[in-house]
Amino acid sequence: MWYTGAVLVLLLGAAANDAPPKAADKKEPSYLDEFQKIKKEMDKLQESLNKEFTAAKTEKERDALIGKATRLMKEKGEPLADKAVALVRPHAADKEAVEVLAWVLNYEPASPAANTAADLLAKYHLKDPRTLDTVSRFTHAPMPWTDKLLRTLADADLPRGQKVRALLGLAESTKSRMELPGMLQGLDQATLQIVEERYGKKYLDELRAADPAKLEKEAVRLYKEAAQKYGSEKYGDATVAEVVERTLFELENLRIGKKAPDIEGEDIDGKKFKLSDYKGKVIVLDFWGNW
Amino acid sequence: MFPHERSLVKKLEGKPFALVGVNSDTDRKQLKEVLKAENITWRSFWDGGKIGGPIATRWNVHGWPTIYILDHRGVIRARDLRGSSLEKKVEEFLKEVPAGE
(Lines give C-alpha, C1' and ligand atoms only; values in the text may rest on other atoms or scores of the structure.)
Protein backbone atom coordinates (compact mmCIF):
# COMPACT_ATOMS: atom_id res chain seq x y z
CA MET A 1 0.00 0.00 0.00
CA TRP A 2 2.82 2.41 0.78
CA TYR A 3 4.07 1.84 -2.75
CA THR A 4 0.95 3.53 -4.08
CA GLY A 5 1.65 6.60 -1.94
CA ALA A 6 5.27 6.85 -3.11
CA VAL A 7 4.34 6.42 -6.78
CA LEU A 8 1.70 9.09 -6.45
CA VAL A 9 4.30 11.48 -5.07
CA LEU A 10 6.61 10.78 -8.01
CA LEU A 11 3.88 11.16 -10.60
CA LEU A 12 2.44 14.31 -9.16
CA GLY A 13 5.88 15.77 -8.65
CA ALA A 14 5.51 19.26 -7.33
CA ALA A 15 1.81 18.77 -6.76
CA ALA A 16 2.68 16.11 -4.28
CA ASN A 17 4.22 18.77 -2.07
CA ASP A 18 0.78 20.10 -1.59
CA ALA A 19 -0.48 16.72 -0.60
CA PRO A 20 -0.85 16.26 3.13
CA PRO A 21 2.56 15.01 4.32
CA LYS A 22 0.88 12.01 5.88
CA ALA A 23 -0.44 10.71 2.54
CA ALA A 24 2.61 8.56 1.78
CA ASP A 25 2.82 7.43 5.40
CA LYS A 26 -0.86 6.70 5.82
CA LYS A 27 -1.15 3.15 7.00
CA GLU A 28 -4.12 1.12 5.98
CA PRO A 29 -4.63 -1.95 8.09
CA SER A 30 -1.97 -4.18 6.64
CA TYR A 31 -2.50 -7.84 6.01
CA LEU A 32 -0.23 -8.46 8.97
CA ASP A 33 -2.57 -6.59 11.27
CA GLU A 34 -5.46 -8.65 9.93
CA PHE A 35 -3.42 -11.78 10.48
CA GLN A 36 -2.81 -10.83 14.11
CA LYS A 37 -6.58 -10.75 14.55
CA ILE A 38 -6.90 -14.23 13.06
CA LYS A 39 -4.11 -15.45 15.30
CA LYS A 40 -5.84 -14.03 18.35
CA GLU A 41 -9.06 -15.79 17.41
CA MET A 42 -7.24 -19.10 17.15
CA ASP A 43 -5.43 -18.55 20.45
CA LYS A 44 -8.72 -17.74 22.17
CA LEU A 45 -10.26 -20.91 20.80
CA GLN A 46 -7.38 -23.04 22.05
CA GLU A 47 -7.36 -21.30 25.40
CA SER A 48 -11.03 -22.00 26.04
CA LEU A 49 -10.59 -25.65 25.06
CA ASN A 50 -7.56 -25.96 27.33
CA LYS A 51 -9.53 -24.49 30.23
CA GLU A 52 -12.27 -27.07 29.79
CA PHE A 53 -9.69 -29.79 29.55
CA THR A 54 -7.90 -28.88 32.77
CA ALA A 55 -11.24 -28.57 34.56
CA ALA A 56 -12.16 -32.16 33.64
CA LYS A 57 -12.03 -34.49 36.59
CA THR A 58 -12.19 -37.96 35.07
CA GLU A 59 -10.43 -39.68 32.18
CA LYS A 60 -13.83 -40.27 30.61
CA GLU A 61 -14.54 -36.54 30.67
CA ARG A 62 -11.14 -35.83 29.18
CA ASP A 63 -11.64 -38.34 26.39
CA ALA A 64 -14.99 -36.77 25.54
CA LEU A 65 -13.40 -33.33 25.53
CA ILE A 66 -10.62 -34.39 23.17
CA GLY A 67 -13.29 -35.47 20.73
CA LYS A 68 -15.10 -32.17 21.08
CA ALA A 69 -11.88 -30.18 20.80
CA THR A 70 -10.85 -32.02 17.65
CA ARG A 71 -14.18 -31.30 15.99
CA LEU A 72 -14.19 -27.67 17.03
CA MET A 73 -10.62 -27.10 15.94
CA LYS A 74 -11.49 -28.38 12.51
CA GLU A 75 -14.77 -26.45 12.26
CA LYS A 76 -13.36 -23.15 13.41
CA GLY A 77 -9.69 -23.59 12.67
CA GLU A 78 -9.86 -24.45 8.99
CA PRO A 79 -11.79 -21.31 8.01
CA LEU A 80 -9.25 -19.24 9.93
CA ALA A 81 -6.43 -20.90 8.03
CA ASP A 82 -8.26 -20.27 4.73
CA LYS A 83 -8.61 -16.63 5.69
CA ALA A 84 -4.95 -16.34 6.52
CA VAL A 85 -3.88 -17.83 3.21
CA ALA A 86 -6.25 -15.62 1.21
CA LEU A 87 -4.86 -12.64 3.09
CA VAL A 88 -1.21 -13.42 2.57
CA ARG A 89 -1.39 -14.65 -1.00
CA PRO A 90 -0.95 -11.28 -2.78
CA HIS A 91 2.08 -10.65 -0.52
CA ALA A 92 3.44 -14.19 -0.51
CA ALA A 93 6.92 -13.11 -1.61
CA ASP A 94 7.33 -10.73 1.34
CA LYS A 95 9.62 -11.79 4.14
CA GLU A 96 6.80 -11.04 6.58
CA ALA A 97 4.61 -13.60 4.83
CA VAL A 98 6.70 -16.48 6.21
CA GLU A 99 5.26 -16.00 9.68
CA VAL A 100 1.72 -16.33 8.33
CA LEU A 101 2.51 -19.33 6.14
CA ALA A 102 4.35 -21.14 8.94
CA TRP A 103 1.43 -20.45 11.26
CA VAL A 104 -0.98 -22.13 8.84
CA LEU A 105 1.25 -25.23 8.67
CA ASN A 106 1.66 -25.40 12.42
CA TYR A 107 -1.95 -24.78 13.40
CA GLU A 108 -3.92 -26.41 10.60
CA PRO A 109 -1.48 -28.91 9.09
CA ALA A 110 -4.17 -31.20 7.68
CA SER A 111 -6.18 -28.44 6.01
CA PRO A 112 -6.30 -27.62 2.30
CA ALA A 113 -4.93 -24.19 3.26
CA ALA A 114 -1.77 -25.90 4.47
CA ASN A 115 -1.12 -27.33 1.01
CA THR A 116 -1.27 -23.83 -0.44
CA ALA A 117 0.92 -22.44 2.34
CA ALA A 118 3.55 -25.13 1.72
CA ASP A 119 3.54 -24.39 -2.01
CA LEU A 120 4.03 -20.69 -1.35
CA LEU A 121 6.91 -21.36 1.02
CA ALA A 122 8.48 -23.57 -1.64
CA LYS A 123 8.03 -20.91 -4.27
CA TYR A 124 9.34 -17.90 -2.36
CA HIS A 125 11.02 -18.84 0.89
CA LEU A 126 13.23 -21.89 0.55
CA LYS A 127 16.18 -20.01 2.00
CA ASP A 128 14.29 -18.79 5.06
CA PRO A 129 15.31 -21.09 7.95
CA ARG A 130 11.75 -21.07 9.27
CA THR A 131 10.61 -23.08 6.25
CA LEU A 132 12.92 -26.01 7.03
CA ASP A 133 12.27 -25.67 10.76
CA THR A 134 8.51 -25.85 10.26
CA VAL A 135 8.40 -28.81 7.88
CA SER A 136 10.92 -30.69 10.06
CA ARG A 137 8.33 -30.84 12.83
CA PHE A 138 6.17 -33.12 10.69
CA THR A 139 8.55 -35.90 9.78
CA HIS A 140 6.94 -38.24 12.32
CA ALA A 141 3.41 -37.29 11.35
CA PRO A 142 3.70 -36.40 7.69
CA MET A 143 0.99 -34.38 6.03
CA PRO A 144 0.14 -34.35 2.32
CA TRP A 145 2.53 -31.42 1.72
CA THR A 146 5.46 -32.62 3.83
CA ASP A 147 7.47 -34.78 1.46
CA LYS A 148 7.19 -32.45 -1.51
CA LEU A 149 8.54 -29.53 0.49
CA LEU A 150 11.33 -31.60 2.00
CA ARG A 151 12.43 -32.84 -1.40
CA THR A 152 12.44 -29.28 -2.77
CA LEU A 153 14.58 -28.15 0.16
CA ALA A 154 16.94 -31.13 -0.16
CA ASP A 155 17.59 -30.31 -3.81
CA ALA A 156 17.76 -26.53 -3.46
CA ASP A 157 20.85 -24.37 -3.41
CA LEU A 158 21.03 -24.16 0.37
CA PRO A 159 23.80 -24.43 2.97
CA ARG A 160 24.92 -28.04 3.31
CA GLY A 161 23.65 -28.47 6.87
CA GLN A 162 20.13 -27.56 5.76
CA LYS A 163 20.22 -29.91 2.79
CA VAL A 164 21.29 -32.72 5.15
CA ARG A 165 18.39 -32.00 7.49
CA ALA A 166 15.94 -31.88 4.61
CA LEU A 167 17.11 -35.15 3.07
CA LEU A 168 17.16 -37.02 6.40
CA GLY A 169 13.79 -35.48 7.17
CA LEU A 170 12.45 -36.85 3.90
CA ALA A 171 13.81 -40.31 4.69
CA GLU A 172 12.24 -40.14 8.15
CA SER A 173 8.92 -38.97 6.73
CA THR A 174 8.88 -41.87 4.27
CA LYS A 175 9.62 -44.27 7.12
CA SER A 176 6.81 -42.73 9.16
CA ARG A 177 4.34 -43.19 6.31
CA MET A 178 5.38 -46.81 6.16
CA GLU A 179 4.78 -47.26 9.90
CA LEU A 180 1.54 -45.32 10.17
CA PRO A 181 -0.92 -48.01 9.03
CA GLY A 182 0.46 -50.38 11.69
CA MET A 183 0.26 -47.68 14.31
CA LEU A 184 -3.31 -46.79 13.32
CA GLN A 185 -4.30 -50.43 13.61
CA GLY A 186 -3.13 -50.48 17.21
CA LEU A 187 -5.34 -47.58 18.25
CA ASP A 188 -8.60 -48.10 20.10
CA GLN A 189 -11.80 -47.02 18.40
CA ALA A 190 -12.18 -43.75 20.28
CA THR A 191 -8.67 -42.54 19.53
CA LEU A 192 -8.88 -43.70 15.93
CA GLN A 193 -12.05 -41.71 15.47
CA ILE A 194 -10.31 -38.60 16.75
CA VAL A 195 -7.31 -39.10 14.51
CA GLU A 196 -9.59 -39.60 11.52
CA GLU A 197 -11.46 -36.40 12.32
CA ARG A 198 -8.30 -34.38 12.74
CA TYR A 199 -6.51 -35.58 9.64
CA GLY A 200 -9.46 -36.53 7.48
CA LYS A 201 -10.46 -40.11 6.75
CA LYS A 202 -9.50 -39.62 3.10
CA TYR A 203 -5.85 -38.91 3.91
CA LEU A 204 -5.66 -41.77 6.39
CA ASP A 205 -7.18 -44.15 3.86
CA GLU A 206 -4.53 -43.02 1.37
CA LEU A 207 -1.82 -43.75 3.93
CA ARG A 208 -3.35 -47.16 4.66
CA ALA A 209 -3.60 -48.00 0.97
CA ALA A 210 0.07 -47.33 0.32
CA ASP A 211 2.33 -50.31 -0.33
CA PRO A 212 4.51 -50.71 2.79
CA ALA A 213 7.15 -52.73 0.94
CA LYS A 214 7.48 -49.97 -1.62
CA LEU A 215 7.73 -47.31 1.09
CA GLU A 216 10.35 -49.31 2.93
CA LYS A 217 12.41 -49.61 -0.23
CA GLU A 218 12.08 -45.85 -0.78
CA ALA A 219 13.01 -45.04 2.83
CA VAL A 220 16.09 -47.28 2.65
CA ARG A 221 17.07 -45.67 -0.66
CA LEU A 222 16.76 -42.18 0.85
CA TYR A 223 18.78 -43.08 3.94
CA LYS A 224 21.49 -44.56 1.76
CA GLU A 225 21.44 -41.45 -0.41
CA ALA A 226 21.94 -39.32 2.71
CA ALA A 227 24.84 -41.50 3.88
CA GLN A 228 26.43 -41.39 0.47
CA LYS A 229 26.14 -37.63 0.00
CA TYR A 230 26.66 -36.47 3.58
CA GLY A 231 28.06 -39.42 5.56
CA SER A 232 30.68 -37.47 7.48
CA GLU A 233 28.48 -34.48 8.32
CA LYS A 234 27.50 -34.06 11.95
CA TYR A 235 23.90 -34.72 12.91
CA GLY A 236 23.15 -34.16 16.58
CA ASP A 237 25.90 -35.93 18.48
CA ALA A 238 26.58 -38.47 15.74
CA THR A 239 27.47 -38.42 12.06
CA VAL A 240 24.95 -38.86 9.27
CA ALA A 241 26.57 -42.22 8.50
CA GLU A 242 25.98 -43.42 12.08
CA VAL A 243 22.38 -42.22 12.15
CA VAL A 244 21.73 -43.97 8.84
CA GLU A 245 23.37 -47.18 10.05
CA ARG A 246 21.19 -47.26 13.17
CA THR A 247 18.03 -46.58 11.22
CA LEU A 248 18.81 -49.19 8.60
CA PHE A 249 19.44 -51.67 11.42
CA GLU A 250 16.08 -50.75 12.89
CA LEU A 251 14.33 -51.11 9.54
CA GLU A 252 15.98 -54.45 8.97
CA ASN A 253 15.61 -55.95 12.46
CA LEU A 254 13.15 -54.06 14.59
CA ARG A 255 10.05 -54.20 12.51
CA ILE A 256 6.81 -55.89 13.37
CA GLY A 257 7.17 -59.48 12.28
CA LYS A 258 10.92 -59.59 12.83
CA LYS A 259 12.59 -61.65 15.53
CA ALA A 260 13.89 -59.21 18.13
CA PRO A 261 17.66 -59.09 18.55
CA ASP A 262 18.77 -60.32 21.96
CA ILE A 263 19.81 -57.86 24.63
CA GLU A 264 22.63 -58.68 27.03
CA GLY A 265 23.28 -56.45 29.96
CA GLU A 266 23.08 -55.73 33.66
CA ASP A 267 20.06 -54.93 35.76
CA ILE A 268 19.95 -51.99 38.15
CA ASP A 269 21.60 -54.13 40.88
CA GLY A 270 24.43 -55.06 38.56
CA LYS A 271 23.33 -58.65 37.88
CA LYS A 272 23.80 -59.88 34.33
CA PHE A 273 20.79 -61.04 32.36
CA LYS A 274 19.48 -61.35 28.81
CA LEU A 275 16.22 -60.64 27.07
CA SER A 276 16.24 -64.24 25.82
CA ASP A 277 16.00 -65.39 29.48
CA TYR A 278 12.28 -64.60 29.07
CA LYS A 279 11.74 -66.68 25.98
CA GLY A 280 8.38 -68.46 26.04
CA LYS A 281 6.72 -65.43 27.60
CA VAL A 282 4.95 -62.48 26.04
CA ILE A 283 7.27 -59.55 26.72
CA VAL A 284 6.55 -55.88 27.01
CA LEU A 285 9.92 -54.19 26.44
CA ASP A 286 9.74 -50.71 27.91
CA PHE A 287 12.42 -48.09 27.26
CA TRP A 288 11.95 -45.66 30.11
CA GLY A 289 13.63 -43.08 32.26
CA ASN A 290 12.88 -41.24 35.44
CA TRP A 291 13.54 -37.69 34.31
CA MET B 1 3.76 -44.04 34.08
CA PHE B 2 4.10 -46.59 36.80
CA PRO B 3 0.45 -47.17 37.71
CA HIS B 4 -0.31 -48.75 34.35
CA GLU B 5 2.76 -50.94 34.47
CA ARG B 6 2.08 -52.00 38.05
CA SER B 7 -1.51 -52.95 37.33
CA LEU B 8 -0.50 -54.87 34.21
CA VAL B 9 2.10 -56.89 36.12
CA LYS B 10 -0.37 -57.60 38.92
CA LYS B 11 -3.17 -58.57 36.56
CA LEU B 12 -1.00 -61.01 34.63
CA GLU B 13 0.65 -62.66 37.59
CA GLY B 14 0.99 -66.38 36.97
CA LYS B 15 0.63 -65.96 33.20
CA PRO B 16 3.54 -66.35 30.74
CA PHE B 17 4.19 -62.63 30.67
CA ALA B 18 7.17 -60.41 31.53
CA LEU B 19 7.62 -56.69 31.68
CA VAL B 20 11.25 -55.86 30.96
CA GLY B 21 12.54 -52.32 31.15
CA VAL B 22 15.53 -50.58 29.61
CA ASN B 23 16.37 -47.70 31.86
CA SER B 24 18.23 -44.55 30.83
CA ASP B 25 18.61 -42.79 34.15
CA THR B 26 21.98 -41.30 35.05
CA ASP B 27 21.99 -41.81 38.83
CA ARG B 28 21.93 -45.49 39.66
CA LYS B 29 21.76 -45.01 43.42
CA GLN B 30 18.85 -42.63 43.17
CA LEU B 31 17.11 -44.96 40.74
CA LYS B 32 17.33 -47.85 43.25
CA GLU B 33 15.54 -45.66 45.76
CA VAL B 34 12.84 -44.80 43.22
CA LEU B 35 12.36 -48.50 42.43
CA LYS B 36 11.86 -49.22 46.11
CA ALA B 37 9.59 -46.26 46.77
CA GLU B 38 7.44 -46.90 43.70
CA ASN B 39 7.35 -50.64 44.30
CA ILE B 40 8.69 -51.42 40.86
CA THR B 41 9.06 -55.18 40.82
CA TRP B 42 9.96 -55.77 37.19
CA ARG B 43 13.51 -55.98 35.97
CA SER B 44 15.22 -53.32 33.90
CA PHE B 45 18.47 -53.21 32.00
CA TRP B 46 20.75 -50.43 33.14
CA ASP B 47 21.59 -48.74 29.85
CA GLY B 48 24.96 -47.30 30.72
CA GLY B 49 23.65 -44.45 32.83
CA LYS B 50 22.73 -42.09 30.04
CA ILE B 51 20.09 -41.21 27.52
CA GLY B 52 21.19 -42.86 24.30
CA GLY B 53 23.12 -45.66 25.98
CA PRO B 54 24.19 -48.76 24.03
CA ILE B 55 20.83 -50.54 24.14
CA ALA B 56 18.71 -47.49 23.25
CA THR B 57 21.16 -46.70 20.46
CA ARG B 58 20.99 -50.21 19.07
CA TRP B 59 17.21 -50.06 19.08
CA ASN B 60 17.27 -46.57 17.59
CA VAL B 61 15.16 -45.21 20.39
CA HIS B 62 14.64 -41.46 20.16
CA GLY B 63 11.61 -40.88 22.30
CA TRP B 64 10.82 -42.07 25.78
CA PRO B 65 8.97 -44.14 26.56
CA THR B 66 9.23 -46.48 23.60
CA ILE B 67 7.38 -49.73 24.09
CA TYR B 68 7.65 -52.95 22.08
CA ILE B 69 5.55 -56.07 22.51
CA LEU B 70 7.26 -59.38 21.72
CA ASP B 71 5.33 -62.62 21.47
CA HIS B 72 6.37 -65.85 23.15
CA ARG B 73 8.60 -66.73 20.20
CA GLY B 74 10.52 -63.46 20.50
CA VAL B 75 8.93 -61.88 17.45
CA ILE B 76 8.16 -58.16 17.55
CA ARG B 77 4.41 -57.83 17.21
CA ALA B 78 3.52 -54.27 18.20
CA ARG B 79 4.98 -50.92 19.06
CA ASP B 80 4.06 -47.80 21.02
CA LEU B 81 0.73 -48.92 22.34
CA ARG B 82 -0.41 -47.60 25.69
CA GLY B 83 -2.93 -48.22 28.40
CA SER B 84 -5.91 -50.33 27.40
CA SER B 85 -4.66 -50.84 23.80
CA LEU B 86 -1.42 -52.26 25.17
CA GLU B 87 -3.25 -54.51 27.58
CA LYS B 88 -5.60 -55.79 24.89
CA LYS B 89 -2.74 -56.69 22.57
CA VAL B 90 -0.84 -58.46 25.35
CA GLU B 91 -3.94 -60.55 26.15
CA GLU B 92 -4.21 -61.38 22.43
CA PHE B 93 -0.65 -62.67 22.30
CA LEU B 94 -1.07 -64.55 25.58
CA LYS B 95 -3.81 -66.59 23.90
CA GLU B 96 -1.18 -67.77 21.39
CA VAL B 97 1.02 -69.32 24.06
CA PRO B 98 0.58 -73.12 23.97
CA ALA B 99 -1.11 -74.47 27.11
CA GLY B 100 1.23 -75.83 29.72
CA GLU B 101 3.95 -73.24 29.12
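Buried area is the accessible area (1.4 Å probe) that two parts lose on being put together, summed over both. In this predicted model, chain B and chain A bury about 4800 Å² between them. Carbon and sulfur atoms account for 61% of that area.

Residues are numbered from 1 along each chain as its sequence is written, and chains are lettered from A and ligands numbered from 1 in the order in which they are written.

**Interface**
- The contact (heavy atoms within 4.5 Å) takes 55 residues from chain B and 44 residues from chain A.
- Arg43(B), Phe45(B) and Trp59(B) supply 15% of the area that chain B buries against chain A, more than any other three residues.
- Five salt bridges are counted between chain B and chain A; each is a side-chain nitrogen of Lys or Arg within 4 Å of a carboxyl oxygen of Asp or Glu.
- Arg58(B) and Glu245(A) meet through their side chains in a salt bridge, at 3.8 Å from N to O.
- Glu266(A) lies in strand β3 (residues 264–266) of chain A.
- Beyond its neighbours within four places in sequence, Glu266(A) is in contact with residues including Lys271(A), Arg28(B), Ser44(B), Phe45(B) and Trp46(B).
- Glu266(A) is partly exposed, at 33% relative accessible area (buried means under 20%, exposed over 50%, partly exposed in between, with a 1.4 Å probe and protein chains only).

**Shared sheet**
- Helices (H or I, at least four residues) and strands (E, at least two) are DSSP runs, numbered from the N terminus.
- Two strands pair if DSSP finds at least two bridges between them.
- β3(B) (residues 66–70) is antiparallel to β4(B), with three bridges, and Tyr68(B) stands opposite Arg79(B).
- Both faces of β5(A) are covered: Val282(A), Val284(A), Asp286(A) and Trp288(A) are buried on one side, and Ile283(A), Leu285(A) and Phe287(A) on the other.

**Helix α10 of chain A**
- Leu192(A), Val195(A), Glu196(A) and Arg198(A) are buried in α10(A) (residues 189–199).
- These residues cover an arc of only 165° around the axis, so they sit on the same side of α10(A); the arc is that of the directions from the helix axis to the C-beta atoms.
- Their cover includes α4 (59–88), α5 (97–107), α9 (160–185) and α11 (201–209) of chain A.
- Gly200(A) follows α10(A), with a positive phi near 85°.

**Backbone details in chain B**
- Trp64(B) and Pro65(B) are joined by a cis peptide bond, with omega about -5°.
- Pro65(B) is in the loop between α3 (54–58) and β3 of chain B.
- Asn60(B), in the loop between α3 and β3 of chain B, is not a glycine but has a positive phi of about 50°.
- Asn60(B) is buried, at 9% relative accessible area.
- Asp80(B) has a positive phi of about 55° although it is not a glycine, and counts as partly exposed at 32%.

Terms used. This is a predicted model: local features need pLDDT of at least 70, side-chain atom pairs count only at pLDDT 80 or more; totals for chains, interfaces and linings use all residues. Side-chain values use heavy atoms; hydrogens and water are left out.
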